[in-house]
2 protein chains.
Amino acid sequence: MKVRFLVTDVAAFSFNKLVIFGVGLIGGSLARALRERGEAAGARTVVGVGRSSASTARALELGVVDETAALGDDAALRAALSGADFVLLAAPVAQTQPLLERIAPFLDAGTIVTDAGSTKSDVVASARAALGVRIGQFVPGHPIAGREASGPDAALPDLYVNRNVVLCPLPENAPEAVERVAAMWRATGACVREMTPEQHDRVLASVSHLPHVLSFALVEQILNSPDAALKFSFAAGGFRDFTRIAASSPEMWRDVCVANRTALLDELDAYTAVLARLRAAIEAGDGAALEAVFARSRVARSEWQEQRSAGAALGDASK
Amino acid sequence: MKVRFLVTDVAAFSFNKLVIFGVGLIGGSLARALRERGEAAGARTVVGVGRSSASTARALELGVVDETAALGDDAALRAALSGADFVLLAAPVAQTQPLLERIAPFLDAGTIVTDAGSTKSDVVASARAALGVRIGQFVPGHPIAGREASGPDAALPDLYVNRNVVLCPLPENAPEAVERVAAMWRATGACVREMTPEQHDRVLASVSHLPHVLSFALVEQILNSPDAALKFSFAAGGFRDFTRIAASSPEMWRDVCVANRTALLDELDAYTAVLARLRAAIEAGDGAALEAVFARSRVARSEWQEQRSAGAALGDASK
C-alpha cells in the first residue's frame, strides 16, 4: 500500500482570506492555529459562516474569526466568498453536498475548497455532484485530530501539532492546489500524508469509526440494564478512558457511520468475529488462549505508544 | 439493590505488621499509602512476599516494604506471618487458593486475611476450600483502582484516594474484622462500600471486565488485518484512550475472565446484542436510530464524568 508524504517549505504558506463553514472545534482550531502560531503570512482575514448565528457570533467574540456571514444570506455569502483563497468545510459530512451547492454560485474560479470530513469516498461523490466540471477546485482532506468537546470554545491553536492530516487529491486537482492545502495544514504543525479515499476510509473505519461505535455501545448497554446507576457508581479509570469518545458529537458520528458504512461494517464484522473467538475461550475456561491474545495486544499497544511518543518528541525537536 | 456504606473513624486505624503477597501495583500502593499518607499508627512493619525474588527485592530497594520473604521458604514464611495483624493477597485471582493453602499452616488465629482480587465469588470459594473452618479470618475485598503499568515501580501512595474499595463480608466474619479491614483501606483515602460477591461480580463484569476484553479485542483485530502497520500509523487520540487498558497485565485479565466467566458472558452477550442493533441501523443507513443511541450515551457519559469530578472535589475538600 502506497502512502505518499508531501514535503514542501513550511514558510511558503500565506493567504489573504480563508472562509470557514462551521467554526466549531475543527474549523475554529485551524483559524486559531493560522492566527496564533505565526507561521502564516498575508492579510489573513478569516470569515466564519454557520447555520447557527449563536455559534458564529461566539467565534467572533472569542477572536477565532474576523468576520461572520449567515449561510442563508445571499449577499453576505457572496461578499464572504469574494476574493477568498481558501474555503474549508468543517461541518458533519452529510452537509457536504448541500453546502457546496449553496457555495457554488458565489465561488471565484481561483478559490481552493477543501474539507475536514472524517470520511472521504462519500465526500468526493458529494463534491462531484455539487461542483460538476469545477471539481478541480475541491481538494478532499481530513485532519485526524479531535476532542470530545465541540463548538468554538473548544478550538485550540495547537490541536493539529504533530497530528496527521490526510489529503486525497483528485485527478482533476492541479498539483499547485494540493500543495497550497498541504502548506496550510503544515502551517498548523500537522504532518500531511496522502492516500486514496478508499484507503483513508478503510483505515479510519478501523482505528477511529469502529472504536467510537464500540464506546457508544458500552454506555448504551449499561443504560439498558436494570442496575445502571449502581454500575455507573462503580465505574473507574478503565471505563473513563474506554468511554471518553462516547461523549463525542452524536450528529457527527451519525453522519460518519452512514457515510462510511461499507468499510465500517467490514470492520465491525471482523471485530465481532474476534469477540466470538474470545467468547468461546472464556466459556471454555481456556486461559492460555486468552492470555495469548491479551499478551499480543499488550505488546502491540505498548509499541504503538512508544512510537507515538517518539514521533511527538521528534516533532517538538524539529520545530 | 442494597449497597451498604461503612463509616467509622479514620483515626482508629493502626497496625503492627502487614504481610503482602504480591508487592506489585496494588500491594505496593497499599504499602506506600499506609507508610506515606501518615494516617496509620503503630509499629507498621510491612513484609513483602512474592514468587519472584526480583520483584520483592525491588520493592525493598524502593522502600515499599521493610522486609521480604520467599514464598517457598518455610522458615521465612513462618517468621513473616508470626504476629501479623493483616495479610493482603495481591496476586492474580487464580493464585488465591494455592496461596491460602500455603499460608494456612503458619497463620496466627488473630491475623485477618483480606485480598485485592478483581473477582469475588470465585475468591470466596477458593478461600473456603483453603481455610475450611478458619474462613472467618478471611474478609474478601477489592480496591477498584489501577493503572496499566504493573510491578513495584508502578506503586503510588495516592492510588486509592477517592477510589471505591468493595468489601464482601462473609457470614463467618466477625464485624470487628470487617471494620479493621475497612479502616485500613480508609487510611489510604479510599471509600469503602459493601456488596455481596454476586453483586460485585456482575457490576465489575459490566464496567471493568467487559471493557478490558473489548479493548484487547480491538488491538487483536487490527493485528490480524493485512494493513496493520498502516492502521496503527493513523491511530490517534480516540484509539489511544480506547485501548489504554489493552496494555494491562495479560495474566491478571486471563484470570479475571476465567474466574468471572458467568457474569462476563452475560455482559458480553448483552453487548453483542447492542452491537447487532447498531449494525442493523448502520446497514440500513438509519441515521435517526444511530443518533438517538449516540445522544443518550453522550448525556450519560457526561453526567457520569460530572458526578465523578464532583465526588473527587468533595473528597479533596473533606480531607
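**The interface between chain B and chain A**

About 8,200 Å² is buried between chain B and chain A, with carbon and sulfur atoms giving 66% of that area. Buried area here is the accessible area (1.4 Å probe) that two parts lose on being put together, summed over both. Three residues, B:Phe234, B:Phe294 and B:Arg301, supply 10% of the area that chain B buries against chain A, more than any other three residues. The model is predicted: local features need pLDDT of at least 70, side-chain atom pairs count only at pLDDT 80 or more, and totals for chains, interfaces and linings use all residues. Residues are numbered from 1 along each chain as its sequence is written, chains are lettered from A and ligands numbered from 1 in the order in which they are written, and side-chain values use heavy atoms, with hydrogens and water left out.

The contact (heavy atoms within 4.5 Å) takes 86 residues from chain A and 86 residues from chain B. Between the two chains, 42 residue pairs are in polar contact, both residues being at pLDDT 80 or more. A polar contact is a pair of N or O atoms within 3.5 Å; within protein, one must be able to donate a hydrogen and the other to accept it, and residues adjacent in sequence count only if both atoms are side-chain atoms. On chain B, the elements that each supply at least two residues to the side touching chain A are strand 9 (164-167), helix 7 (197-224), helix 8 (228-234), helix 9 (237-242), helix 10 (250-259), helix 11 (261-283) and helix 12 (287-317). Helices (H or I, at least four residues) and strands (E, at least two) are DSSP runs, numbered from the N terminus.

Helix 7 of chain B gives the largest share of this side, 18 residues. Of its 28 residues, 24 are buried, so helix 7 of chain B is largely enclosed by the rest of the structure. Buried means under 20% relative accessible area, exposed over 50%, and partly exposed in between (1.4 Å probe, protein chains only). Helix 7 of chain B also bends by about 55° at B:Ala205. The bend is the angle between axes fitted to the seven residues ending at a residue and the seven starting there.

Between chain B and chain A the count is 14. One of them pairs B:Glu267 with A:Lys231, with the closest N and O atoms 3.3 Å apart. In another, B:Arg296 meets A:Glu220 at 2.8 Å between the closest N and O atoms. B:Arg296 lies in helix 12 of chain B and A:Glu220 in helix 7 (residues 197-224) of chain A, so the pair joins two chains. B:Arg296 is partly exposed at 40% relative accessibility, whereas A:Glu220 is buried at 1%.

A:Arg279 forms a salt bridge with B:Asp269, the closest N and O atoms lying 2.7 Å apart. This pair also joins two chains, because A:Arg279 lies in helix 11 (residues 261-283) of chain A and B:Asp269 in helix 11 of chain B. Both are partly exposed: A:Arg279 at 22% relative accessibility and B:Asp269 at 33%. Shared partners link A:Arg51, A:Glu251, A:Arg254, A:Asp255 and B:Glu291 into one salt-bridge network.

Within chain A, A:Arg58 forms a salt bridge with A:Glu61, at 3.2 Å between the closest N and O atoms. The two stand 3 residues apart in helix 2 (residues 53-61) of chain A, separated by about one helical turn. A:Arg58 is partly exposed, with a relative accessible area of 28%. A:Glu61 is exposed, at 59%.

Notes
A salt bridge is a side-chain nitrogen of Lys or Arg within 4 Å of a carboxyl oxygen of Asp or Glu.
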